[in-house]
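Trainee: Please take me through the charged pairs up close. Then show me how the ligands are held by what surrounds them.

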Amino acid sequence: THKFWETQPVGQFKDIGNTSLAEGPIEQPTPLSEVKQEPYNLPNLYEWITCDIDSEEMCMEVYKLLTNNYVEDDENMFRFNYSKEFLRWALRPPGYFKSWHIGVRVKSSKKLVAFITGVPARIRVRDDIVTMAEINFLCVHKKLRSKRLAPVMIKEVTRRVHLENIWQAAYTAGVVLPTPISTCQYWHRSLNPKKLIDVGFSRLGARMTMSRTIKLYKLPDSTVTPGFRQMELHDVPAVTRLLRNYLSQFAVAVDLDENDVEHWLLPTENVVDSYLVESPETHEITDFCSFYTLPSTVLGNQNYSTLKAAYSYYNVSTKTPLLQLMNDALIVAKRKDYDVFNALDVMQNETFLKELKFGPGDGKLHYYLYNYRLRNPLKPAELGLVLL
Ligand code: MYA
Ligand code: JJ1
């Protein structure tokens, strides 16, 4: 019942728990000369393009395709609205390949109707560091759904990844496919409860009034941790050391060097925010927290058109209790006018979610690896990886 996924080198449902299968690559690499040199065939009306995301026009076309056709919640009330600046950041990390930013146009009208991307990343799986593609932003225009275009997009990105001599990938999806390495829960912390209720993102709890709800979620105006400040360029070496040491405890985690940290974690307005704690005495960097900005379009509401959401990214505590660090993150997000702070139950997030008044959402996020088998699924707390 997964006609496409059954043909791919991914963990199959029938193999779950089969201890005779070793962990690691499912298929061996082939010589590059044996990788198909021409793109896969598209239905005749369509053509492949490589997107130049640096170009303002191209970036705008991608932005519009995603704004109108990308991921929605299960009741179609909200749709992810990644900004152009965010897309440029997400798609141009150190060592990125332009050839992995793939679009499909209608030949006659030149209209962009589908998109898929990859970016390179080193992912550590237990003791092995594997160069992978992180696949994201798979999107087919609403009017072209269920025509089996997605499998062609996936095969084409796979071919272009293989051409760079990379043979594994990591991706997340809201749908169940063969076979998740882990299934995570979304949690939400209201910052602007009145608006969240007005747009249908959350509901007034039982025996709760609006004023009691507003009081429940109130936060102080300023952060409490001495030495808490924005990350700056000169912090990159210290933050890299802190993060690498922290991420070493997880079964699957991203492997970040200083270049990666500069790209992924140095603050970029309305894209990514990072804060750290510099000890007022020793000037040591002891703690770190970060979130990225991903608004959602509110579909069909009279009063509001967008929801401003912060998504927990990478957080490390060595001196400041994680609870206090994340409470400071909530305080800055509130001060910056975010409506909600979202987090997955990855890494050590379980330890603060309930206490800081996050509630479970109706969405789950499944994590996947391509051409790499794990014998058993992981607990979310064993994941040190957040995809955008
Ligand atoms: S996850 C975000 C995905 N995007 C959205 O949800 C946006 C809104 N939806 C759409 O645009 C369409 O519904 C999409 C499917 C494009 C998702 N991941 O063309 P179809 C399988 C993987 O008739 P459509 C993200 O971006 C489905 O099971 N496969 O369907 C990560 C079926 O196969 P099978 C998916 O609805 C993406 C087939 O597609 C997904 O018109 C990672 C049906 O195709 C999904 N999210 O289009 C991609 N949804 O029959 C994999 C459906 O077997 C990367 N399908 O069940 C793999 C690694 C590649 C690189 C490897 C390198 C070595
Ligand atoms: O945002 C999500 N759910 C919200 C809105 C639900 C609206 C009706 N369906 C939600 N709100 C409850 C909040 C409440 C606040 C007070 C405390 C209790 C909780 O649950 C969900 C996540 O929960 N988001 C989605 O469904 C979007 C898609 C998620 C899959 C993403 C796939 C990503 C692609 C990867 O590259």
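Mentor: A salt bridge is a side-chain nitrogen of Lys or Arg within 4 Å of a carboxyl oxygen of Asp or Glu. This is a predicted model, in which local features need pLDDT of at least 70 and side-chain atom pairs count only at pLDDT 80 or more, while totals for chains, interfaces and linings use all residues. Residues are numbered from 1 along each chain, chains are lettered from A and ligands numbered from 1 as written, and side-chain values use heavy atoms, without hydrogens or water.

Start with the charged pairs. The structure holds 22 salt bridges. One of them joins Arg-229 to Asp-235, with the closest N and O atoms 2.8 Å apart. How well covered is Asp-235, buried or exposed? Asp-235 is buried, because its relative accessible area is 2%. (Buried means under 20%, exposed over 50%, and partly exposed in between, with a 1.4 Å probe and protein chains only.)

Now take Arg-79. Its partner is Glu-72, and the closest N and O atoms are 2.8 Å apart. Arg-79 is at 11% relative accessibility, so it counts as buried.

Next comes a pair that reaches across the sequence. Arg-122 and Asp-255 meet through their side chains in a salt bridge of 2.9 Å, N to O. Arg-122 is in strand E4 (residues 112–125), and Asp-255 is in the loop between strand E9 (252–254) and helix H7 (258–265). The two residues are 133 residues apart, so the pair links distant parts of the chain. (Helices, H or I, have at least four residues and strands, E, at least two; both are DSSP runs numbered from the N terminus.) The two ends of this pair fall in separate classes of cover. Arg-122 is partly exposed, because its relative accessible area is 26%. Asp-255 is buried, because its value is 13%. This pair belongs to a network: salt bridges that share partners join Arg-122, Arg-244, Asp-255, Asp-257 and Asp-260.

Now ligand 2. It is surrounded by 23 residues, and Asp-73, Glu-75, His-188, Phe-201 and Asp-362 are the closest. In the side chain of Asp-73, an N or O atom is 2.6 Å from a nitrogen atom of ligand 2. Phe-201 places a backbone N or O atom 2.8 Å from a nitrogen atom of ligand 2. A polar backbone atom of Gly-363 is 3.0 Å from an oxygen atom of ligand 2. On its own, ligand 2 has 870 Å² of accessible area, and the protein covers 85% of that. (These areas use the Shrake-Rupley method with a 1.4 Å probe.) Strand E7 (182–190) and strand E17 (359–370) each supply at least two residues of the shell. E17 gives the largest share, 6 residues.

Finally, ligand 1. It has 32 residues around it, and His-2, Trp-5, Leu-138, Ser-146 and Ala-150 come nearest. Arg-148 brings a polar side-chain atom to 2.8 Å from an oxygen atom of ligand 1. For Arg-145, a polar side-chain atom lies 3.4 Å from an oxygen atom of the ligand. Phe-137 uses its backbone: an N or O atom there lies 3.3 Å from an oxygen atom of ligand 1. The protein covers 88% of the 1200 Å² of accessible area that ligand 1 has on its own. H3 gives the most, with 7 residues.

Conventions:
Near = heavy atom within 4 Å. Polar contact = N/O pair within 3.5 Å; in protein donor to acceptor, adjacent residues only side chain to side chain.
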